[in-house]
Every structure is written in structure tokens, then in C-alpha cells.
Amino acid sequence: MEWRHICVDMQRMFAEETPWHVPWMETVLPQIRELAERHAQRTIFTRFVPPPKPDDLPGTWRTYYRKWWMMTGEQLPREMVDVVPCLKKLIPPARCFDKRVYSPWFDGSLHAALSGEQVSTLVISGGETDVCVMATVMGAIDLGYRTIILKDAVCSVADQTHDASLELMGNRFSVQLEVMNTEEFLASA
């Protein structure tokens with residue numbers, strides 16, 4: 001089984017005190033760090049990169065960034081887009097793919113890289129469960145990857161939607177998706 005760990009958006013702008021702060025990141029970081037340190041060469045970090053200005057993206061993204069203007073490139077210090085320091089030190093051999101939307105599959109570069117490496121299984125960690133993690137999982141399923149969510153290594157701002165998302169994905173996509181703890185995965189990796 002050729003697998004990769006996709007660590008979704010474990011970035012400073014979500015880990016630190018910003019309008020997009022995700023307090024639960026601190027709780028899941030030890031599990032993510034354990035997996036990423038043991039398998040840095042198999043780890044891929046995705047980074048959600050806001051545009052410089054709200055009008056740099058089309059349609060409803062423009063509206064979104066008009067609401068969150070303080071999180072655009074003009075306002076947010078550039079280093080806040082970085083992966084949190086304890087994970088950033090793993091790059092390289094870990095890799096990083098940037099994205100402008102929730103899904104890392106949108107521009108095709110991640111799938112092309114994984115296909116070139118004949119990867120068949122993706123292990124998903126990071127945040128947020130009900131936004132970018134879900135987009136990552138849905139795209140992985142659509143592309144035919146065996147997909148594993150590490151339930152103790154994903155997080156969200158809202159406990160209710162986090163729990164509901166895990167339940168929905170675990171039940172609705174049970175043939176294409178496995179939900180397990182990090183320790184269970186590491187024991188089998």
C-alpha cells in the first residue's frame with residue numbers, strides 16, 4: 001500500500017489569535033506531529049492562502065473576503081500563512097501544496113503528484129473538519145483514493161459540526177472511507 005499523509009491547513013493563522021483561530025488545533029497537534037515526524041517523507045501539508053485583496057478572486061469568494069478583509073494578504077502578515085513551527089521544520093522532506101479554495105484538488109497539482117508516485121491511500125489530519133478537511137476527503141473519494149480520517153487528529157471551531165461531519169462522512173461513505181485513531185493507524189503503517 002503506497003500511502004501519504006495529507007495534513008490540512010495546520011497554519012499559524014488558524015493556530016494563533018486571529019479571527020480564524022481554531023482552539024482545538026492545540027489538542028490535535030500532538031497526534032499530527034507524531035505521524036508527521038515518523039513519516040515526514042510521506043507527509044504533505046496543504047495551506048489555505050488568502051488572496052492579496054478581496055477582489056482578486058471571483059464570485060462569492062469576493063464576498064467572503066470582503067467580510068474577512070483582515071485575513072487577506074494585504075492585512076495578514078505573510079508568515080501567518082506558514083505551517084505551525086513544529087511542523088514546518090519537517091519541510092523538507094515533507095512537502096507543501098498551496099490552495100486558494102477549500103479543496104486541495106482544484107488545480108490538479110496534488111493529484112498529479114500523487115498519481116505520479118502511484119499513491120493509493122490518503123490519511124487525513126488537520127482542520128477544519130467541516131470545511132477544508134471535508135473538501136479534501138470528498139475530493140479524495142471522488143478521485144478513487146482509499147481514504148482514512150484520523151478522528152483524533154482533525155478539529156474544528158464548532159464541536160457540533162465537527163461531530164456531525166465525522167458521523168456523516170463515516171456513515172455515508174463507509175465503503176470508501178475509514179475513520180480511526182492515530183495510534184491505530186500508526187500500529188498498522
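Throughout this tour, a residue is called buried when its relative accessible area is under 20%, exposed when that area is over 50%, and partly exposed in between, as judged with a 1.4 Å probe and protein chains only. What you have open is a predicted model, in which local features need pLDDT of at least 70 and side-chain atom pairs count only at pLDDT 80 or more, while totals for chains, interfaces and linings use all residues. Residues are numbered from 1 along each chain as its sequence is written, and side-chain values use heavy atoms, with hydrogens and water left out.

**The whole chain**

Along the principal axes, the C-alpha atoms occupy a box of roughly 45 × 35 × 35 Å. The radius of gyration, taken over C-alpha atoms, is 16 Å, which agrees with the value near 16 Å that a compact globule of 189 residues would have; the globule rule used here is 2.2 Å times the number of residues to the power 0.38.

If you colour the residues by accessibility, 49% of the 189 residues count as buried. A contact here means heavy atoms within 4.5 Å, and among contacts between residues at least 6 apart in sequence, 78% join residues at least 24 apart.

**Strand β4 and S125**

Next, select S125, which sits in strand β4, a strand that covers residues 121-127. S125 counts as buried because its relative accessibility is 0%. Show the side chain of H5 as well, since the side chains of S125 and H5 are joined by a polar contact of 2.7 Å; such a contact is a pair of N or O atoms within 3.5 Å, where, within protein, one must be able to donate a hydrogen and the other to accept it, and residues adjacent in sequence count only if both atoms are side-chain atoms. When residues up to four places away in sequence are set aside, S125 touches H5, I6, C7, V8, I32, V133, A153 and V154. For a sense of distance, draw a line from S125 to A189, which is 64 residues away in sequence and 15 Å away in space, C-alpha to C-alpha.

**From β4 into helix α6**

Move on to the peptide bond from G127 to E128, which is cis, with omega near -10°; E128 belongs to the loop between β4 and α6. Helix α6 itself spans residues 129-142, and C132 is found in this helix. C132 counts as buried, because its relative accessibility is 5%. Beyond its neighbours within four places in sequence, C132 is in contact with V8, D9, F48, K99, Y102 and G127. Further along α6, select M138, which at a relative accessible area of 26% is partly exposed. The C-alpha atoms of M138 and S103 are 8.7 Å apart, although 35 residues separate the two along the chain.

**Two residues with positive phi**

Now go to D9, one of the contacts of C132, in the loop between β1 (3-8) and α1 (12-15). D9 has a phi near 50°, a positive value in a residue other than glycine, and with a relative accessible area of 1% D9 is buried. Then select Q118, in the loop between α5 (109-116) and β4, where phi is near 55°, again a positive value in a residue other than glycine. Is Q118 buried or exposed? Its relative accessible area is 66%, so Q118 is exposed.

T72 counts as buried, with 1% relative accessibility, and its side chain reaches the backbone oxygen of W69 at 2.7 Å. Apart from residues up to four places away in sequence, T72 touches P50, P51, P52, K53, P54 and Y65. To finish, select P92 and P93, which are joined by a cis peptide bond with omega of about 15°; P93 lies in the loop between α4 and β3 (95-99).

Methods:
Helix = DSSP H or I, 4+ residues; strand = E, 2+ residues; numbered from the N terminus.
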